[in-house]
Amino acid sequence: MKPLVLLFALFAASLSVPSFAAAAPDTKQESAARQEPQQHPSAATAVVTKHKVRIDGREIAYEASAGTLPVQNDAGETEAEIFYVSYRVPQAKTAPPRPLLFIFNGGPGAASVWLHLGALGPKRVQMLPDGNMPAPPFKLTENASSWLDLGDLVFVDPVGTGYSRGTKPELTKKFSAVQPDIDSLQRFIRLYLTRNQAWSAPLFLVGESYGTFRCAGLSDLLVEHGIALNGVILISSILNFQTIAFDYGNDLPYQLILPSYTATAFYHKKLAPELMADLDRTLAQAEHWASTDYAQALERGDRLDAEGKKKVATEFARFTGLDPAFVLNRNLRIDNRDFAREILRKEGRMVGFMDSRLNAENPEPAKSAGFDATITTIRPPFTAAINTYLREELGYQSDQEYFTLGGGIGRWDWEAKNSYADTAENLRNAMVKNPYLKVWVASGLFDLATPHYAAEYTMSHLGIGEKLRENVTIRRYRSGHMMYLEAEALAQLKKDAAKFIGSAVKR
């Protein structure tokens, strides 16, 4: 078994994927935080503040709640406290309930801050227009593309992330596993629905990366507890780890990531002129080759003769911008670590795993793994922003460290023996049990951690009938893993979300 590494939205793809072989308030805001907020809210309490935001030109008044809910076992004993931030738009009593979205990020080990202050919440971290990090100090800005006009939002930090903690260290360890993590979140959702009288609301799950893995598992577990969802939104999806684990004997990921290499090479102008004219057309060619000639070559293994290998290496290089000799040296199998460090080697730089449009100086080109140029861009601004925002705008005070990415959990138990962690079957079961469930998959073309072609492969292998396949929507974005970092992709993501949520609640 390879060593487990924590991934934010699958940072494992940037190092080694686990295998299983044996700002300050603006003038429009009315914040109750200006009153005397609780300094250290106790368990199961929330600080409520009132605000306003302008979304798509319309001013919306809303309430924000920051607090915790207990995770209780079947004996009624509290084993953990889960921290959350929710946003609710008050409605008239006679109005129909608004859609309610429960939102998770990934890792495992990442808090919900990334979707919270990056895409969906009423405030977002101010990045550069292309998604790069601005100079510190960092600022928050009003999010005109917030999803708050589409429904009420609940950003959930699983145990070991954000301010969520087990009541004892050994209990935090207990929740660092696939099923206990999912079970704790279904208990949180049931309790939230009860305490907020929201059982009649249209319900959605939104996840990013490992958060999509959680959502797929949750969709099945919730329906077994009598909670049927209207929709599941999977951003930078990974449900079946076999599709991204570059393991000895597992050739599937090499085939599925190749189109992402093509998109990256296109962005950095490393392809031949005839492939630089139209990205969509070039991707279609790369995907066809990857699933036919390249897949057959990988399947032949050592039976492929020298001439056959040379031919495949030449075509691989044509679609990726790499040197054919390098491809041959790697036995036609290039993992994302090698590609990220090789594609800009002549420039002395390496591209990001989470967003391969970003790049950084490569100080040690001989090493096979290094830091991710994407992570270094996003971690400082989001960490500073959430700590400022929770205290100064939402009035939630805590001396604990807010774990944005790792630090709160230890070794993750994938609960997979002689197999790969997989919740695709759970999603299939949820769709079969609840034929009204709609699923939307959003992928970035420049994502080397959860490749778009791998996500689409998983969705096309759920084993569902034609009628249920009509409930699945797949959308690609010319962006990276966190496609919302870029202003244009953020706006498009919001438009697509509005269409999807509207269709999922329409009867």
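Modeller: The crossing of α3 and α4 is right-handed, a crossing being left-handed if the near helix is turned anticlockwise from the far one by less than a right angle, and right-handed if clockwise. This is a predicted model, in which local features need pLDDT of at least 70, side-chain atom pairs count only at pLDDT 80 or more, and totals for chains, interfaces and linings use all residues. Residues are numbered from 1 along each chain as its sequence is written, and side-chain values use heavy atoms, with hydrogens and water left out.

Helices (H or I, at least four residues) and strands (E, at least two) are DSSP runs, numbered from the N terminus. Helix α3 covers residues 178-195 and helix α4 residues 210-224; they pack at an angle of about 65 degrees, with axes 9 Å apart. Axes are lines fitted to C-alpha atoms, for helices over the stretch in contact, and angles run from 0 to 180 degrees between N-to-C directions.

On the α3 side, the residues that meet α4 include Val-178, Ile-182, Leu-185 and Ile-189; their partners in α4 include Tyr-210, Phe-213, Leu-218 and Leu-221. Contact means heavy atoms within 4.5 Å.

In the loop between α3 and β9 (203-209) sits Ala-201. Ala-201 is buried, at a relative accessible area of 11% (buried is under 20%, exposed over 50%, partly exposed in between; 1.4 Å probe, protein chains only). Beyond its neighbours within four places in sequence, Ala-201 touches Pro-97, Arg-98 and Leu-100.
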